[in-house]
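User: I have a model open and would like to talk it through. Can you take my questions one by one?

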Amino acid sequence: MTDLTQSPLPEPSALSRGLRVLAGNRTGMIGFVLVALIIGSAIFAPWIVPYDPAAIMVGPRMAPPSAEHWLGTDNIGRDIFSRVIAGGRIAMLVAAASLTAALSAGLLLGLIAGLGPRWLDNVLLLVFDALRSFPTIVFGLAVVTIIGPSLFTVMLVVAITSIPIYARIVRTQTMALKNAEFILAERAMGVGMPRLLFIHVLPNVLGPLLILASMDVPLVIATEAGLSFLGMGVRPPTPSWGVILNDGYNFIRNSPWPVIGGSIPIILVTLGFTFLGEALRDIFDPKLRKAG
Amino acid sequence: MASPAATRPAPQDEPLVSIDGLSVDFATPRGTIHALRNIDLEVPRGKVLGLVGESGCGKSTLAYSLIGLLSENARIAGGAIRMDGHDLARLGPRAWRDLRGQRISMIFQDPMTALNPVTTIGRQMMDIQYRDPGTRAQKRARAIEFLEQVQLPDAASKLDVYPHQLSGGMRQRVCIAMALLTRPDLLIADEPTTALDATLEMQIVTLLRELQEKFGCSVLFVSHHLGTVAELCDEVAVMYAGEVVERGAVAEVFNAPRHPYTQALFDCDPARIRVATRHLPTIPGTLPDLRQPPRGCAFRARCGKAFARCEVEHPPLYPAAPGQDARCHLVDPAEDAS
Amino acid sequence: MLLYAFQRFGLSVVIVMVAVSILTLMLHVVPGDPAVMILGPRATPELIEQTRVAMGLDRPLPVQIVTFFGNILRGDLGQDVFTGRSVSRIVFEQLPYTLILISVSILWAATLGIALGCYSALRRNTWLDTLTGVISVGTISIPAFVMALYSVLVFAVWLRWLPAIGAGEGFWDGIRHLILPSFAIGISWVGYVARIVRASMLEVMGQPHVRMARAYGLPDELITRSHILKIAVQPAVTLIGTGVAHLFSAAVFVEAIFARPGIGALIVQAVNERNYPIVLGAVLVTTGIIVLATLVSDLVIAWLDPRQREEL
């Protein structure tokens, strides 16, 4: 083998090593299975649901779990299991969209802070600190007052509050690499900065960013469900987990099933992504242990 | 049962500590490591015993087993450590605690990390006097007295500083002051100069020698630096792969090493090389796998003088000269005869 | 130490100012007339003009921001657009309820969490250690508002042990009404704190200075307290300090679910009425408290650890 075949990305070996270690990590494996189940059910939701999640009176009102209705029915006779599965689709959509947006923006802002002039770096750091000092929900409510409640608002709030964490990691990594000798040498040889960033910074930060993002999913889900629960996120009748819980809470003295059914997926998602994220972190990046 | 801390007067020629057949195992995920095997050694009263060898030879493990601070996965697999008629190898946690900081104390390798970083020097020096009935003022005065003993300038003001505000050399002086303050019978020094630079090393060694003579305690000095051992110690034990391979008075062993390993160690000591050379000599080969210690001589694989007997028969410590023993078949009087 | 505190305080003030600017700017970045936005569906032409003048929206943006900061420094957060009452009065009326709720929650949770974390590190692999591990993972994966729903379900609806609605009248009734909400907010913090304390205890216990303390035969209790815990508790302090933001978020839900008064309930109500001055005022005050909490946690760590004092 010549030097030409050596890729700067140690990806394949690290990935297979990671999968092998994951198989030996009990909680990591549980997390992986849970996450796979949830993502799978979100993708295939329209084919899984036994009833139309929005259809009323498909069964008796506020029925306990039965063979026909696995998680019972709500106050207007909708099938809770179908609503929970459909809600998972919403939750995963919010998580995927907002975390992608936050990752991209964080990557860009982190690079700007790391490479730009000192004053710009300081300004960005201040903005990051300011954004981090908002309680997510309180900030979300403020945004709702301005642009009104919607699925988009939820995504916007989650994206904005997640950006600082990602941007800071990218910034630190960029700063460390900016003055590294091999970078200076390559620059002297005329390699352009954007290309250098693409080759050296990106592979270095992508792993930690993705691990952090996977550990952030529970937070995103909780924010979405929380805002929707308060009636400030996804609007009924769209079956978000928060909406299911809100409907259920109003009738908590009549039937516990909507609350139980709506909360189980939230707990499972949190467990799954936390387990998986922690396992990935331990496998790929033990240094994150302290930062996280 | 009498507490081991209660000293019983002993004749001067009886050793302070005698180690008989001590073996220590470490449980690791890859198997049991037999880190110390059948150690026989005496720490003489009021003298300095040096313990030398490469890293990984077990000298630190031996030092830590003398103060009962082996790591959690270590186990004393056999043998005894006798001190005043008590067997330290069988001591419970409470009895150990009574002994530490009273009769035995220790100076550690790295002064940068040995002191509590979040407490002042004075507080730490007063804490270790917690058994004394004296007042705070008395304890404070005693701390200052010992900081002066280790020649720390402006000792009184040092009580109120934190460790990170002192240099490495100063911190090691503080550690020595603390160790001596408890007036131990046995002071264990685990490579106390390794983390310091060369000029400081000599200062600390000289200081240790002076203070040892002044206080008359026994010192177990662990080092891989032959020069400091020659400077400081009365007796020396050379360790290799978890065994004592040679022991005796420093003068004898340094003048006429009898074990091939000791000889090789001296050949590799930069301070002893008289002929100009471009390459520092090294001993070829590596330490044997201590999960399965070799059947014959542990040094056989790296020894230039090995012969058939070394492969099959584990050598005992043969008396090589008056007061000097070596674990080598070449020293066996029977081998001479044949 | 004093200089350090002052520098950090200055930085905190700047951060709060930037945070408020972000919220104010957001109002102007969104297309449309801010006054209409603030008034929402109730806007009549007269009311819009009135609001515009009252809030200074007719002046240029930089002037608005400067006046706004000037007003904040004088403790003036503006007026409620509907009733004309002072926003700072309204906010500070509600603040004590929330502060009591989150302080009680974090206090019991941190105390129990530190004790459990400490115990599990010192006695590894005992049943209580295993139990702590299981509880930690279990409670961390349940968001505060779900926990609040379950505490209502179990303790108020099924068992009927405790009240679920309101803040109660008088001292003892108030305490009875605090139990469930503070349980719902605090329980996951027991897990966070126990986990982080256990991990950092184990790390510190392996450090050479602890071995040295053992070499002097110091009593275990002294070693644990001044050689291990004093260092190992620091990550927990930081966690709690930066976690105050999450406490406020949790308080929003808990106040909604238990129908308690407080700043969270105030914000939710203001959002429903689209009463932006109140939302802005409440966000400003909570952000200020959060930044202050971070500052306090940094100072506590500087007080515990002399090495941190010189970092700045």
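**Domains, contacts and a sheet**

Analyst: To start, chain C is split into domain 1 (2-75) and domain 2 (102-261), with bounds that come from an automatic or database domain assignment. This is a predicted model, in which local features need pLDDT of at least 70, side-chain atom pairs count only at pLDDT 80 or more, and totals for chains, interfaces and linings use all residues. Residues are numbered from 1 along each chain as its sequence is written, while chains are lettered from A and ligands numbered from 1 in the order in which they are written.

User: How many Å separate the centres of domain 1 and domain 2 of chain C?

Analyst: The centres are 37 Å apart, taken over C-alpha atoms.

User: OK, contacts. Which chains share the most?

Analyst: Chains A and C do, out of 2 pairs of chains in contact. Two residues are in contact if their C-beta atoms, placed from the backbone, lie within 7 Å. Between these chains, 33 residues of chain A meet 39 residues of chain C.

User: Which helix of chain A gives the largest share of that side?

Analyst: Helix 6 of chain A, with 9 residues. Helices (H or I, at least four residues) and strands (E, at least two) are DSSP runs, numbered from the N terminus.

User: What classes of residue are on the side of chain A that touches chain C?

Analyst: That side has 24 nonpolar, 7 polar and 2 charged residues. Ala, Val, Leu, Ile, Met, Phe, Trp, Tyr, Cys and Pro count as nonpolar, Asp, Glu, Lys and Arg as charged, and the others, Gly among them, as polar.

User: How far apart are the nearest C-alpha atoms of chain A and chain B?

Analyst: They are 15 Å apart, and the two chains do not touch.

User: Switching to chain B. What is the strand order in its open sheet of 4 strands?

Analyst: The order is 2-1-4-5, with antiparallel pairing. Two strands pair if DSSP finds at least two bridges between them. Strand 2 (31-43) and strand 5 (86-87) of chain B are the edge strands, each pairing on one side only.

User: How many bridges join strand 1 to strand 2 of chain B?

Analyst: There are 9, and strand 1 covers residues 17-28. In one of the bridges, B:Ala27 has B:Thr32 in strand 2 as its partner.

User: Last topic, confidence. What does chain A average in pLDDT?

Analyst: It averages 81, and 88% of the residues score at least 70. pLDDT is the predictor's confidence in each residue, from 0 to 100.
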